[in-house]
Amino acid sequence: MLKYTGLENKNVLVIGLAKSGYEAAKLLSKLGANVIVNDGKDLSQDSHAKDLENRGVKVIGGEHPLSLLDSNPIIVKNPGIPYTVPLLEAAVEKGLKILTEVELSYLISEAPIIGVTGTNGKTTVTSLIGDMFQKSRVTGKVSGNIGYVASKVAQEVTANDYLVTELSSFQLLGIDRYKPHIAIITNIYSAHLDYHESLENYQNAKKEIYKNQTEDDYLICNYHQRHLIESESLSAKTYYFSTQQEVDGIYVKDGFIVFQGFRIIHKDDLVLPGEHNLENILAATLAALLAGISVRAIIDSLTTFSGIEHRLQYVGSNKTNKYYNDSKATNTLATQFALNSFDQSIIWLCGGLDRGNDFDELIPYMKNVKVMVAFGETQSKFVKLGESQGKYVITATDVQDAVDKIQDAIEPNDIVLLSPACASWDQYNTFEERGNKFIKSFQAHLPSF
């Protein structure tokens, strides 16, 4: 951790005592700042508030008094708090600096930073880069919007590490000097307009990721959205990724992932399915190469990385069959996404809580479905759907029974996909429980030696 002295004896107001606010307040106190924590909810019984008070930090809960601005503090706010709350509006009027805690992570990090943002795919890219580091001699730690507070992880890394940080648009609005050595923008689509008020504001928030980069840094962008940055004044070396054509960066050609003419791996050997994940893989692979991770470690990761739990998660293989857990697909849109991710024949496990809807919108995505296994309250609806499309349909009592019954129908190279298109509450407490039952059932059918 760098001995940053720029906040010594400065008045700092932390707004929002969530996980990031708690860690930010502890760090600010360690850096010698005069810290006050404020939250709109009652904090009298909050364990984190009590811990901060024991550390000498003043905590004010239950309201946002404007008098907190009298000392002209630097503000570190929870990313999710909109700038339209009266306290922040008053702070803007006074010209006070408003930051998010990722700025603190940059100020103290000895490690160079890989920053990942985008509308879709940033969690997968961040996790995949983290997995590549785990399989490499180069070390890196994952942080940020992925669930590990960046300002806490930044205290643990050294100059020999990398700090890999997932960054939301909310977090990026609150940076000042923050500068990733390698910045990734996976894509930018319309999102969070209730917070940002316009698409342009949202896009500009994402673009903050490269505003402080220099010619010694790297920016990785989606080639098919290059128009979003082409008019910008960029200092960093810019690389692109594309699944469709050769670019200055990383791309797919003749089925291979290629960087600077070098073939890294064929896409058929990847375990993360779908065109969207192919883009994620390209972005993560390029960042890993720039960070000095070996091709061997990258290939090891790309052939084993299971993805995000319960979201098209690669569970493993039994002989030539790959199993995927997409239990988080609790609606038809998510299942459309999953069914569209595979070119091979699919054994599709589906069904769950009946909310009164039908599933005809899945028909255009069922071309690769060979067998359907239906369970749960919507079982009869999925049986009707499958039979209407000429599919072989099996009925099962639950997920475990479904995995048992497909063993007689499965053929070489079939994909086994749990993507229920329904909530789990008819049979399971959570989609996580349902997914874990699927994984356990898969494991029960692995050959014993």
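The questions below take up helix packing, then pockets, then cavities.

Q: How are α5 and α11 oriented to each other in this predicted model?
A: Helix α5 covers residues 122-134 and helix α11 covers residues 295-302, and the two pack at an angle of about 125 degrees with their axes 8 Å apart. The crossing of this pair is right-handed. An angle counts as roughly perpendicular from 65 to 115 degrees and as roughly antiparallel over 145, and α5 and α11 are therefore oblique to each other.

Q: Which residues of α11 make the contact with α5, and how many charged residues does the contact have?
A: The α5 side of the contact is made by Leu128, Asp131 and Met132, while α11 brings Ala297, Ile298, Ser301 and Leu302. Divided by class, the contact of α5 with α11 has five nonpolar residues and one polar residue, and the number of charged residues is one.

Q: How are α5 and α10 oriented to each other?
A: Helix α10 spans residues 275-290, and its axis lies 9 Å from that of α5, with a packing angle of about 45 degrees. The crossing of α5 and α10 is right-handed. Angles under 35 degrees count as roughly parallel and those of 65 to 115 as roughly perpendicular, and α5 and α10 are therefore oblique to each other.

Q: Which residues of α10 meet α5, and how many charged residues does the contact have?
A: From α5, the residues in the contact are Thr124, Val125, Leu128, Ile129 and Met132, and they meet Asn277, Asn280, Ile281, Ala284, Thr285, Ala287 and Ala288 in α10.

Q: What is the handedness of the crossing of α1 and α4?
A: Helix α4 consists of residues 101-108, and α1 packs with α4 at an angle of about 40 degrees, with the axes 10 Å apart. By that angle, α1 and α4 are therefore oblique to each other. Where α1 passes α4, the crossing is left-handed.

Q: How many nonpolar residues are in the contact of α1 with α4?
A: The contact is made by Ser20, Ala24, Leu27 and Leu28 of α1 together with Glu101, Leu104 and Ile108 of α4. Divided by class, the contact of α1 with α4 has one polar and one charged residue, and the nonpolar residues number five.

Q: Which element gives the most to the lining of the largest pocket?
A: The largest pocket has a volume of about 770 Å³, and of the 27 residues that line this pocket, the closest to its centre are Asn120, Gly121, His276, Arg311 and Phe337. The elements that give two or more residues to the lining are α5, α10 and α12 (332-339). By class, the lining has eight nonpolar, 12 polar and seven charged residues. The most, five residues, is given by α10.

Q: Which element supplies the largest share of the lining of the second largest pocket?
A: The second largest pocket holds about 610 Å³ of space, and of its 22 lining residues, Pro273, Gly274, Ser341, Phe342 and Asp343 are the closest to its centre. At least two residues of this lining are supplied by each of α10 and β16 (321-325). The largest share, three residues, comes from α10.

Q: What is the volume of the largest cavity?
A: A search of the whole structure finds two cavities of 30 Å³ or more. The largest cavity is lined by Ile185, Ile188, Cys221, Asn222, Gln225, Arg226, Leu228 and Ile229, which divide into five nonpolar, two polar and one charged. The space in the largest cavity is about 70 Å³.

Q: Which element gives the largest share of the lining of the second largest cavity?
A: About 30 Å³ of space lies in the second largest cavity, and its lining is formed by Val14, Gly16, Ser20, Gly21, Ala24, Val76, Lys77, Asn78 and Glu101. Two or more of these residues come from each of α1 (19-30) and β4 (74-77). By class, the lining divides into three nonpolar, four polar and two charged residues. The largest share, three residues, comes from α1.

Terms used:
Residues numbered from 1 in each chain as written. Predicted model: local features only at pLDDT ≥ 70, side-chain atom pairs only at ≥ 80, totals over all residues. Heavy atoms only, no water. Axes fitted to C-alpha atoms, helices over the stretch in contact; angles between N-to-C directions. Helix = DSSP H or I, 4+ residues; strand = E, 2+ residues; numbered from the N terminus. Left-handed = near helix turned anticlockwise from the far one by under 90°. Contact = heavy atoms within 4.5 Å. Nonpolar A, V, L, I, M, F, W, Y, C, P; charged D, E, K, R; others polar. 1 Å grid on protein atoms, 1.4 Å probe; cavity = no way out; pocket = protein on both sides within 12 Å on 5 of 7 lines; lining within 4 Å. Points joined across faces, edges and corners; volume = space filled by probe spheres on them.
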